[in-house]
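Open the model in your viewer and keep the selection panel at hand. The stops below tell you what to select next.

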Amino acid sequence: MLLQVEDLHVTYDTVYGTLNALNGVNLSIEEGETVALVGESGSGKSTLGLSIVRLLPPNGRYSKGSIVLNGKNVVSLSGSEVRRMRGTDVFMVFQDPLNTLNPVKRVSTQVLEALAVRAKKENKAFDQREGISEAIEKFKDVRLPDPEVLIHRYPHQLSGGQIQRVVIAIGLLLKPKLFIADEPTSALDVTIQAQVLKLLNSLKSEYKMSVIFITHDISVAYVIADRFAVLYGGEVSEIGEVSKVVKSPLHPYTKALIESIPKRSRKEGELVAIPGSPPNMLSPPTGCKFHPRCPYVMDVCRTENPPYTEADERTLRCWLYERPPT
Amino acid sequence: MKKGLLDSILRTKVPIIRAVEVPHLAIAGGEVLALVGESGSGKTTLGRLLVTLEKPTSGEIYFHGERVKGRRAVMGLRRKVQMVFQNPADSLDPRMSVKGIVTEPLTTKGLSRREREGQFESALSLVGLDSSTFAERRSRDLSGGQRQRVAVARAIISSPEFVVLDEPTSALDASVQSQVLNLLARIHDQLGFTYLFITHNIAIARYIADTVAVMYAGQIVEIGPAQQVLSKPKHPYTQALFSSVPSLDRKEVAPPTGEVPSLVNLPKGCRFNPRCPYAMEVCRTTDPPFFDVDGEQAACWLYK
């Protein structure tokens, strides 16, 4: 097991009080496996990604639980151990590619910086010219056009799709065991998004990386992932193999999410809509977080949060599937 | 709406960006036309041109058969058109109450206070909000879905004939998006407005539209009945666009190679030719006109 997150609780201190961003998240990832974290804004999907790389904002706190990545508990690592972990064990790509690279440095400088770090970690001498040619090779891997020219450009001279590919190439140069991508394609156009998705799919098998792919779009997740983890209100509501979840979603939230994708014309009937809006995590509902919007709500849902249950080869949190105590 | 200083400087000094070139586009009364395309394809600019937020460099716009030209005609048109913008957090004045925002389009109509109240109540009930609860709230007190409902209420209160909706649901969460789409469909069927629905989301176009127009690099490349265009796309760009869209029906995406050309430096001939798998000699030299194929129109030499 490469990554094992257990009973993770993360809170943010805000002026309005304590916000419980993650409430007991369990997640495990095998080597070479791709898991998509799917959820709406405020569901905690980005917080989960950030807590794995120890990049929570200053007001964020790990209040409970553990994250074991490659045998080390991320939560309790020292500062220098965390720096060693980033880049070697884990690499993260963020949503807005334009904010990821330094705008006043050439692409080449920024790529060499990453290579210098890698060389230092491996206790190897670092040669700039070799570095550049290695980078150009990687740029070819990620299908960047004219890599020899492009590497000497500044970020503003590249398109969004190109920058995102540069960042992915930097990630590949570092050869991380776990690659976390937080909405890496949401700022891109559909055709460029498709190019990046296709690229990630082929790189996954080529480099045998594990990938955590964070997205709000369940169709994007379906293209890229082996397993889905659907997040709602800072909890994993359902986790399982993608085609199983898509064909027969069990959790009412997953069900509604899949049914709400428009498939037909309005003349053939209204869309299935989930009433209400996602919970405010400063004052979340009692019991199951989804109960105010759930069509199958029962009395127990209003007061007790459901535990993790196994059903039909997946794990979920819903009272509908909880076996009655024997 | 006034143009910002930077906008007017940029727009007047760089006229060489050929943002939109549409030889002909007609929208029938009561129709829902979806404009589909990627960013930079000109769909928003075309929408803004039609509600006179933007002035065409050349060309004419007719409303009910009459040319929209001169201040009086423009002002007359503006009373009959409305626009809903993508991000309701930006398009609603944070200092105004919901009531102030929604009733503002009525100011020019010279209505009494009671008439305004009445229209406010019916507009809010149409978008599914309780008028007494929301009247005095500000934009910051509302959720994303509620904000967009308020923006829709503002657009429909003056009973416009034509509403341009620019990506009205793309800033919303998936579970809220379908509520707003249902609402827009219901309002259309009840009040018989004409919609120009701008979206990059094919599934949404399929749900809402009667007619679909696909834009690429400032031009409409294909237009026809929604069912037809979406199930059997004719133009190679439309085909490439649709196979790029991730869907729960298949595990693969098949994107076209290359990127959208810069509008300052457009390729010669058909604008899609450098990325087109079927590119022929004629495509590299001459911009294709519209050809009729199976009840729709495609700007592609393949259908000559």
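The tour starts with chain A, goes on to the interface and ends in chain B.

This is a predicted model, in which local features need pLDDT of at least 70, side-chain atom pairs count only at pLDDT 80 or more, and totals for chains, interfaces and linings use all residues. Residues are numbered from 1 along each chain as its sequence is written, while chains are lettered from A and ligands numbered from 1 in the order in which they are written.

**Stop 1: chain A as a whole**

Select chain A. Its secondary structure comes to 11 helices and 12 strands. Helices (H or I, at least four residues) and strands (E, at least two) are DSSP runs, numbered from the N terminus. Along the principal axes, the C-alpha atoms of chain A fill a box of roughly 65 × 55 × 40 Å.

**Stop 2: a four-strand sheet**

Select strands S1, S2, S4 and S5 of chain A. These 4 strands form an open antiparallel sheet in the order S2-S1-S4-S5. Two strands pair if DSSP finds at least two bridges between them. S2 (17–29) and S5 of chain A are the edges: each has a single partner strand, so one side of each is left without a neighbour in the sheet.

Now take the pair S1(A) (residues 3–14) and S4(A) (residues 60–69). They run antiparallel over 8 bridges. Then label Thr11(A), whose bridge partner in S4(A) is Arg61(A). As you follow a strand, remember that in a regular strand the side chains alternate between the two faces of the sheet.

Move on to S5(A), residues 72–73. S4(A) pairs with S5(A) in the antiparallel sense over 2 bridges. Leu69(A) stands opposite Lys72(A) in S5(A). The two strands form a hairpin with 2 residues between them, and Asn70(A) in the turn has a positive phi of about 50 degrees.

**Stop 3**

Select H3(A) (residues 107–121) and H6(A) (residues 160–174). Their axes come within 9 Å and cross at roughly 20 degrees. That makes H3(A) roughly parallel to H6(A). Axes are lines fitted to C-alpha atoms, for helices over the stretch in contact, and angles run from 0 to 180 degrees between N-to-C directions. Angles under 35 degrees count as roughly parallel, over 145 as roughly antiparallel, 65 to 115 as roughly perpendicular and the rest as oblique.

Show the side chains. Val107(A), Val111(A), Ala114(A), Leu115(A) and Arg118(A) of H3(A) meet Val166(A), Ile170(A), Leu173(A) and Leu174(A) of H6(A). By class, this contact has 8 nonpolar, no polar and 1 charged residues. Ala, Val, Leu, Ile, Met, Phe, Trp, Tyr, Cys and Pro count as nonpolar, Asp, Glu, Lys and Arg as charged, and the others, Gly among them, as polar.

H6(A) and H7(A) pack at an angle of about 10 degrees, with their axes 11 Å apart. H6(A) is therefore roughly parallel to H7(A). Gly161(A), Gln164(A), Arg165(A) and Leu172(A) in H6(A) meet Ile192(A), Gln195(A), Val196(A), Leu203(A) and Tyr207(A) in H7(A). The classes here are 5 nonpolar, 3 polar and 1 charged residues.

**Stop 3: the interface**

Show both chains. Contact joins 35 residues of chain A with 33 residues of chain B; two residues are in contact if their C-beta atoms, placed from the backbone, lie within 7 Å. Which element gives the largest share of the side of chain A that touches chain B? H7(A) does, with 7 residues. That side has 18 nonpolar, 10 polar and 7 charged residues.

Zoom in on H7(A) and H12(B) (residues 236–244). They pack at an angle of about 50 degrees, with their axes 8 Å apart. That makes H7(A) oblique to H12(B). Val190(A), Thr191(A) and Ala194(A) of H7(A) make the contact with Ala240(B), Leu241(B) and Ser244(B) of H12(B).

**Stop 4: the sheet of chain B**

Select the strands of chain B. Here 8 strands form an open sheet with mixed pairing, in the order S4-S5-S6-S1-S7-S8-S10-S9. The edge strands are S4(B) (81–84) and S9(B) (291–293). Finish on Tyr216(B), which stands opposite Gln219(B) in S8(B).
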